[in-house]
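Please look through the model below with the following points in mind. They are written for a reader who is new to structures of this kind, and each takes up one topic.

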Amino acid sequence: MKLLWITAAAVLTTLAISALHAPSQGSALGNSAPSPARLTSNRLAISQSGPVVAELFTSQGCSSCPPADAVAARLARDPAILVISRPVTYWDRLGWKDSLGREENTRLQRQYGDTAFAGANIYTPQLVIDGSAQGVGSQEAHARKQIARAGVIRARSGVTVRVARTADGGRSIALQGRPGTGAEVMLIALSSRETVKIGRGENGGRSVSYTNVVLDETPLGRWSEGRRAIVLSPDQLNTRGADRHALVIRRGAGGAIIGSALI
């Protein structure tokens, strides 16, 4: 089993970074992580800016991804963590076209690589925490440490996100704080669970389940400072196949996430 990488950097750079993260041949990813029961017993507090966002870049064509998809499902049990699964498209060439893959996910991951992580490699399974930290998605203990650190940063951000249901079934969103120039507010339509039987490629013959898969994203505009009110109509929350929506506030393309909510 191996981790898969994509990069514009030189081959030697790729090999050096792969050696740091890739397990030895035949090893099981995540074996050193504490048991799920022990991990989920110590829940985070949700800050006024919302849950910490954990974005998993995954692929049906990646043999190392199913353990990370399972970790994502466990993380999502904690209401202080907003898991978003973002299947990418660049491994479609391995013999199986990802049925959930979106070019927008691939583009965002590349933006993270270019912006947040200073030109670092992108790979699957990559877990990005609040747009500011990243690691191998199957390494659960490490992911939870990063999430805890991100939670401390969020608690000190001074950003407040409040969501209320309106009489017609829509949502009223109140934002307050100083997010900085160019913060983008996004509405993300999610499917809480998708199970796919993969016909070919590295996971051929397996059925893999995915948590909070992105189906659609809608920009709601920019927010610079002070207060901002956003009203979502019921139609905006009626995306085909979606059973939940998330609000994410990001400091520009590939930037840090400073606010969020699960709607």
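1. In this predicted model, the side chains of Lys97 and Asp92 meet in a salt bridge, with 3.8 Å from N to O; a salt bridge here is a side-chain nitrogen of Lys or Arg within 4 Å of a carboxyl oxygen of Asp or Glu. Lys97 has a relative accessibility of 61% and therefore counts as exposed, given that exposed means over 50% relative accessible area, buried under 20%, and partly exposed in between, with a 1.4 Å probe and protein chains only. By the salt-bridge rule, the count comes to 10.

2. Where do the partners of Glu55 lie, buried or exposed? Arg86 forms a salt bridge with Glu55, their closest N and O atoms being 2.8 Å apart. Arg86 belongs to strand E3 (residues 81-87) and Glu55 to strand E2 (residues 52-58), so this pair ties together parts that are 31 residues apart in sequence. Helices (H or I, at least four residues) and strands (E, at least two) are DSSP runs, numbered from the N terminus. Both Arg86 and Glu55 are buried, and the relative accessibility of Glu55 is 1%. A salt bridge also links Arg250 with Glu55, at 3.4 Å from N to O. Since Arg250 sits in strand E12 (residues 244-251) and Glu55 in strand E2, the pair ties together parts that are 195 residues apart in sequence. Arg250 is buried too, at a relative accessible area of 6%.

3. Salt bridges that share partners join Glu55, Arg86, Arg102, Glu104, Glu217 and Arg250 into one network. As a general point, side chains of opposite charge can pair when their charged atoms come close.

4. Glu184 lies in strand E9 (residues 183-197). Apart from neighbours within four places in sequence, Glu184 is in contact (heavy atoms within 4.5 Å) with several residues, including Arg222, Val248 and Arg250. The side chains of Glu184 and Arg222 are joined by a polar contact of 3.4 Å; such a contact is a pair of N or O atoms within 3.5 Å, where within protein one must be able to donate a hydrogen and the other to accept it, and residues adjacent in sequence count only if both atoms are side-chain atoms. The C-alpha atoms of Glu184 and Ser224 are 8.9 Å apart, although 40 residues separate the two along the chain.

5. Strands E7 (residues 160-165) and E8 (residues 171-177) run antiparallel and are joined by 6 bridges; two strands pair if DSSP finds at least two bridges between them. Val163 has Ile173 in E8 as its bridge partner. The hairpin has 5 residues between the strands, and Gly169 takes a positive phi near 95° there.

6. The chain as a whole has 5 helices and 13 strands, and 48% of its 263 residues count as buried. Of the contacts in the chain with a separation of 6 or more, 70% are between residues 24 or more positions apart.

7. Some care is needed with confidence. The mean pLDDT, the predictor's confidence in each residue from 0 to 100, is 86 for the chain, and 84% of its residues reach 70 or more. Over residues 6-41, however, pLDDT stays under 50. Where pLDDT is low, the predicted coordinates should not be read in detail.

8. On method, residues are numbered from 1 along each chain as its sequence is written, and side-chain values use heavy atoms, leaving out hydrogens and water. In this predicted model, local features need pLDDT of at least 70 and side-chain atom pairs count only at pLDDT 80 or more, whereas totals for chains, interfaces and linings use all residues.
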